[in-house]
Amino acid sequence: MQSTLWSIMVRERVPEILICILDKGSEEIYTSIIAREINMTLSHIVKLLKYFEATGLINVEAHGRIKVLSLTKTGREIAEHFKKIKEISKSKVVLVDKL
């Protein structure tokens with residue numbers, strides 16, 4: 001089954017992953033840090049990050065066994081938009097009855 005980038009983004013908590021990398025700024029960020037901060041399994045994060053690298057959203061640089069992550073220009077732009085959407089949506093509280 002093939003998936004588009006958008007279908008992956010809306011289903012797999014992609015905004016949280018990209019925002020996490022964005023928020024670290026110039027700090028080195030590793031896969032395990034992201035997994036811990038957004039409460040996802042390491043294996044799931046690794047699978048998504050491979051896809052992000054293949055689609056040009058992140059760069060992965062190996063430092064021995066450790067892989068340091070950074071956003072590409074496109075990845076940074078997308079992460080910034082996601083962050084703005086997240087900030088706007090946090091100010092909106094809606095009570096929803098059982099559907």
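Let me start with the lining of the largest pocket, sorted by class: there are seven nonpolar, two polar and four charged residues. Keep in mind that this is a predicted model. The volume of this pocket is about 280 Å³. Its lining is made of 13 residues, and those nearest the centre are Thr31, Val46, Leu49, Val60 and Lys67. Which of them gives the largest share? That is H4, with five residues.

Thr31 sits in helix H3. Is Thr31 buried or exposed? Its relative accessible area is 14%, and the cut-off for buried is under 20%, so Thr31 counts as buried. Setting aside residues up to four places away in sequence, Thr31 touches Leu42, Ile45, Val46, Leu49, Lys67 and Leu69.

The rest of H3 is next. Its buried residues are Thr31, Ile33, Ile34, Ala35 and Ile38. What do they pack against? They pack against H2, S1, H4 and S3. After H3 comes Asn39, which has a positive phi, near 60°.

Let me step back to the whole chain. The chain has five helices and three strands. Read from the N terminus, the order is α-α-β-α-α-β-β-α. The chain has 99 residues, and 31% of them count as buried. If you take contacts between residues at least 6 apart in sequence, 52% of them join residues at least 24 apart.

On to the sheet. In general, the strands of a sheet pair through backbone hydrogen bonds, and the pairing is either parallel or antiparallel. Here we have an open sheet of three strands in the order S1-S3-S2, and the pairing is antiparallel. Which strands are at the edges? Those are S1, residues 29-30, and S2, residues 58-63, and each of them pairs on one side only.

Take the two pairings in turn. S1 and S3 are joined by two bridges, in the antiparallel sense. In this pairing, Ile29 stands opposite Leu69 in S3. S2 pairs with S3, residues 66-71, over six bridges, also antiparallel. Opposite Leu69 of S3 we find Val60, and opposite Lys67 of S3 we find Ala62. S2 and S3 also make a hairpin, with two residues between them. In the turn, Gly64 has a positive phi of about 70°.

As a general point, nonpolar side chains in soluble globular proteins tend to be buried together. The largest nonpolar core in this model has 23 residues, and the ones touching the most other members are Ile17, Ile21, Ile34, Phe52 and Ile58. At least two residues of this core come from each of helix H2 (14-23), H3, H4, S3 and helix H5 (73-90). The largest share is that of H2, with seven residues.

Why is H2 described as largely enclosed by the rest of the structure? Because seven of its ten residues are buried. By name, the buried ones are Val14, Ile17, Leu18, Ile19, Cys20, Ile21 and Leu22. Past the end of H2 there is Gly25, and its phi is positive, near 55°.

If neighbours within four places in sequence are left out, Ile21 is in contact with Ile29, Ile34, Leu49, Ile58, Leu69, Ser70 and Leu71. Among these, Ile29 and Leu69 are the pair that stand opposite each other in the sheet.

Glu16 is in helix H2. Its relative accessibility is 27%, so Glu16 counts as partly exposed. What does Glu16 contact, apart from neighbours within four places in sequence? The contacts are Ile38 and Lys86. In sequence, Glu16 and Lys86 are 70 residues apart, while in space they are 9.3 Å apart, C-alpha to C-alpha.

Notes
Residues numbered from 1 in each chain as written. Predicted model: local features only at pLDDT ≥ 70, side-chain atom pairs only at ≥ 80, totals over all residues. Heavy atoms only, no water. Pairing = 2+ DSSP bridges. Helix = DSSP H or I, 4+ residues; strand = E, 2+ residues; numbered from the N terminus. 1 Å grid on protein atoms, 1.4 Å probe; cavity = no way out; pocket = protein on both sides within 12 Å on 5 of 7 lines; lining within 4 Å. Points joined across faces, edges and corners; volume = space filled by probe spheres on them. Nonpolar A, V, L, I, M, F, W, Y, C, P; charged D, E, K, R; others polar. Core = buried A, V, L, I, M, F, W, Y, C linked by side-chain atoms within 4.5 Å. Buried < 20%, exposed > 50% of the residue type's maximum accessible area, 1.4 Å probe, protein only. Contact = heavy atoms within 4.5 Å.
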